Amino acid sequence: MSDSLNSVATPHALDNPLLRPWTTPFETPPFAEITPEHFMPAFEQAFFDHAAEISAIVNDNSAPDFANTIIALERAGKLLGRVASVFYDLVSAHSNPALLAIDTEVSLRMARHWNPIMMNAVLFGRIAQLHDNRAELGLTSEQLRLLERSYNRFHRAGAGLDEVAKARMAEINERLASLGTSFSHHLLADEQGWCMELGENDTAGLPASFVAAAKAAAEDRGMAGKAIITTSRSSMEPFLKSSTRRDLREKAYKAFIERGNNGNANDNNATIVEILKLREESARLLGFPTFAAYRLEDSMAKTPEAVRGLLERVWKPARERALADRDALQELIAEEGGNFQLAAWDWRFYAEKLRQRRANFDDAAIKPYLALDNMIAASFDTATKLFGVTFEERRDVPVWHPDVRVWEVKDADGKHKALFYGDYYARPSKRSGAWMTSLRDQQKLDGDIAPLILNVCNFSKGTDGQPSLLSPDDARTLFHEFGHGLHGMMSNVTYPSLSGTSVFTDFVELPSQLYEHWQEQPQVLRQFATHYQTGEPLPDDLLQRFIAARKFGQSFATVEFVSSALIDLEFHTQPASASTDVAAFEKKELEKIGMPAEIALRHRPTQFGHIFSGDHYASGYYSYMWSEVMDADAFGAFEEAGNIFDPAVSKRLLDDIYSSGGSVDPEQAYIAFRGRPPAPDALLRRRGLLEPEAA
């Protein structure tokens with residue numbers, strides 16, 4: 001049994017804000033009262049309580065039924081969920097050395113706590129008995145779905161293995177938990193450890209808004225009066241697009257793509273090798289030939305072959321278009337008198353020039369119209385028009401950093417629906433990327449529980465009185481993460497395990513990617529894209545050029561994404577022995593698919609947190625593209641209705657996609673919304689890789 005069964009409840013629970021009732025508005029975490037020292041005692045108590053709750057289910061002498069087994073499991077672990085959600089929010093969004101040290105310990109303790117639960121033969125026997133007789137239990141469709149998911153979760157965790165195999169699986173899980181945490185910490189340390197200071201002669205070509213953001217980034221790092229770029233995408237990518245200093249672009253680019261691969265204490269190569277070896281062993285213990293086969297069995301795609309089929313279908317036209325774009329960029333260099341071959345650190349810079357020439361558009365022209373506050377308002381207004389929800393900012397809810405903002409979400413009848421936290425700016429204590437998570441999930445098992453939903457981003461902060469100005473990519477990211485947020489906020493299910501984003505990985509990106517479509521609609525931009533200084537609306541001419549330029553550069557974006565998804569798949573389908581030299585494996589696989597030398601993976605292995613900081617997206621990075629097949633097709637339902645806020649289509653979208661969580665099979669959910677399976681060509685057409693007449 002878990003060592004947490006031997007834990008002793010802390011005698012000073014009332015002194016620990018994580019253990020006492022929260023009297024804050026909406027019973028939210030009292031962040032100002034919580035210090036790192038509170039977490040381990042709280043986790044100890046939570047492990048103890050959860051183990052006792054599980055023991056009560058296991059030792060129940062009554063015949064198993066839905067209430068005493070499945071619902072009892074749903075109710076178990078509330079304290080653990082509460083403590084863990086606060087802890088992982090802080091570790092990701094506002095960490096410090098003390099929290100990171102606790103994270104190393106907690107990741108191991110979590111594995112040791114969950115292993116004996118998920119492999120408990122008696123508990124699995126009760127679930128399996130119910131699953132075998134499910135047709136006779138008179139369950140609702142949601143209850144049946146919960147039973148099926150519960151059985152599947154335990155079965156796939158190894159609950160049906162013999163004792164020797166279970167013991168080995170437990171060892172593997174503990175080690176993988178430790179390795180995933182190490183990978184994240186290494187990456188964060190590498191990112192925190194690098195910045196490039198921009199002197200007076202280093203800002204040629206950079207917009208004033210970028211320089212202002214670079215000064216704000218320096219101030220965040222205690223370098224007031226200076227200007228720096230960091231490895232945050234919202235800093236790096238605009239620099240690579242705008243800087244006329246080729247030497248600085250090269251220096252910055254190389255630092256960006258070598259994160260986690262510098263042969264120092266933060267090097268992730270050995271970590272990757274061990275992760276892949278252990279994942280392969282765990283899959284084989286469970287009867288699967290590869291880890292990819294194991295992971296994809298529980299997905300919409302089902303098999304590695306189906307994933308590879310989609311990726312290769314997209315790869316061929318994207319690569320061909322990228323090679324043509326490469327030739328055009330090289331011609332542009334020659335035209336300007338450049339005597340050098342296009343390199344990876346040149347691509348974005350010359351692509352911007354080419355886009356200006358072909359589409360008369362560049363990001364710098366539209367950024368003054370994409371102030372962060374206006375784009376937040378646009379994302380909220382879109383939700384109001386689609387789903388009837390409204391947003392009111394609250395300044396009485398505790399937050400983990402002064403930059404964090406909170407809104408109360410109400411439904412069309414004015415009833416409280418959720419709280420939404422927005423943490424938008426990059427800072428050294430935050431890991432890179434953008435994500436949605438929750439501090440509490442919606443459920444109705446024990447009362448109508450409203451969710452606490454978070455969006456965390458890494459946008460550059462404005463300075464000198466100037467607001468944060470977003471690039472079109474940043475604005476898209478804002479809508480993407482808010483789409484995830486709505487998936488959590490609009491959830492309307494009974495059981496916690498089926499709430500919100502508790503769906504297949506290759507379905508979870510549908511609500512987020514679908515929501516991106518509204519960000520680029522003329523109707524939305526005309527209302528909310530106003531100049532941050534003058535308040536003037538986006539000129540119609542610039543709007544039309546922005547819309548016309550949307551598909552420009554899609555070959556680059558598609559190639560860097562699909563190549564990353566393919567290498568993820570290869571890491572997890574080929575024997576682990578094939579990738580003991582990670583860099584050599586990467587090189588070999590990219591040569592095999594004909595990767596243009598001037599484009600790098602969107603995520604090189606040593607910084608590929610999606611697949612190595614944990615296993616949520618391992619063998620699953622393709623999910624964004626699988627979901628894009630659906631989102632490109634799904635938005636067509638609004639276009640066919642002739643109204644991007646059509647009430648009937650919006651109601652189906654809410655009922656079948658955004659509110660149903662994991663209570664319905666995702667394929668059935670999509671067909672209920674659209675009336676048919678998705679049409680794959682919509683993806684290629686949206687990316688400009690398939691002309692309409694060729695469809």
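Residues are numbered from 1 along each chain as its sequence is written. Because the model is predicted, local features need pLDDT of at least 70 and side-chain atom pairs count only at pLDDT 80 or more, while totals for chains, interfaces and linings use all residues; side-chain values use heavy atoms, with hydrogens and water left out.

**The sheet**

Start with the strands, which are DSSP runs of E with at least two residues; helices are runs of H or I with at least four residues, and both are numbered from the N terminus. Select β3, β4, β5, β7 and β6, in that order: these 5 strands form an open sheet with mixed pairing. Its edges are β3 (390–394) and β6 (435–440); each has a single partner strand, so one side of each has no neighbour in the sheet. From one strand to the next the twist averages 30°. Pairing here requires that DSSP find at least two bridges between two strands.

Next, select β5 (416–425). In β5, 8 of its 10 residues are buried, meaning under 20% relative accessible area, with exposed over 50% and partly exposed in between (1.4 Å probe, protein chains only).

Now show β7 (residues 452–459). β5 and β7 run parallel and are joined by 6 bridges; glycine 422 stands opposite asparagine 455 in β7. With β6, β7 pairs in the antiparallel sense over 5 bridges, and serine 438 stands opposite isoleucine 453 in β7.

Select α3 (residues 78–93), which lies across β5, β6 and β7 and runs at about 150° to β6. Axes are lines fitted to C-alpha atoms, for helices over the stretch in contact, and angles run from 0 to 180 degrees between N-to-C directions. To check the packing, show side chains in contact (heavy atoms within 4.5 Å). Residues of α3 including Leu80, Phe87 and Val91 meet residues of α4, among them Leu99, Val106 and Trp114.

**Helices α2 and α5**

Move to α2 (residues 66–75) and α5 (residues 121–132), whose axes come within 10 Å and cross at roughly 115°. Here the contact includes Phe66, Ile70 and Leu73 of α2, and Leu123, Ile127 and Leu130 of α5.

**Helix α13**

Select residues 304–335. This is α13, with 32 residues, reaching 45 Å from its first C-alpha to its last, close to the 46 Å expected at 1.5 Å a residue; the expected span is 1.5 Å times one less than the number of residues. At tryptophan 315 α13 bends by about 25°, and proline 317 follows within four residues. The bend is the angle between axes fitted to the seven residues ending there and the seven starting there. Just after α13, glycine 337 takes a positive phi of about 85°.

**Lysine 367**

Finish at lysine 367, in the loop between α15 (363–366) and α16 (372–387). Lysine 367 counts as buried because its relative accessibility is 13%. Leaving out residues up to four places away in sequence, lysine 367 touches Ser209, Leu469, Leu470 and Ser471.
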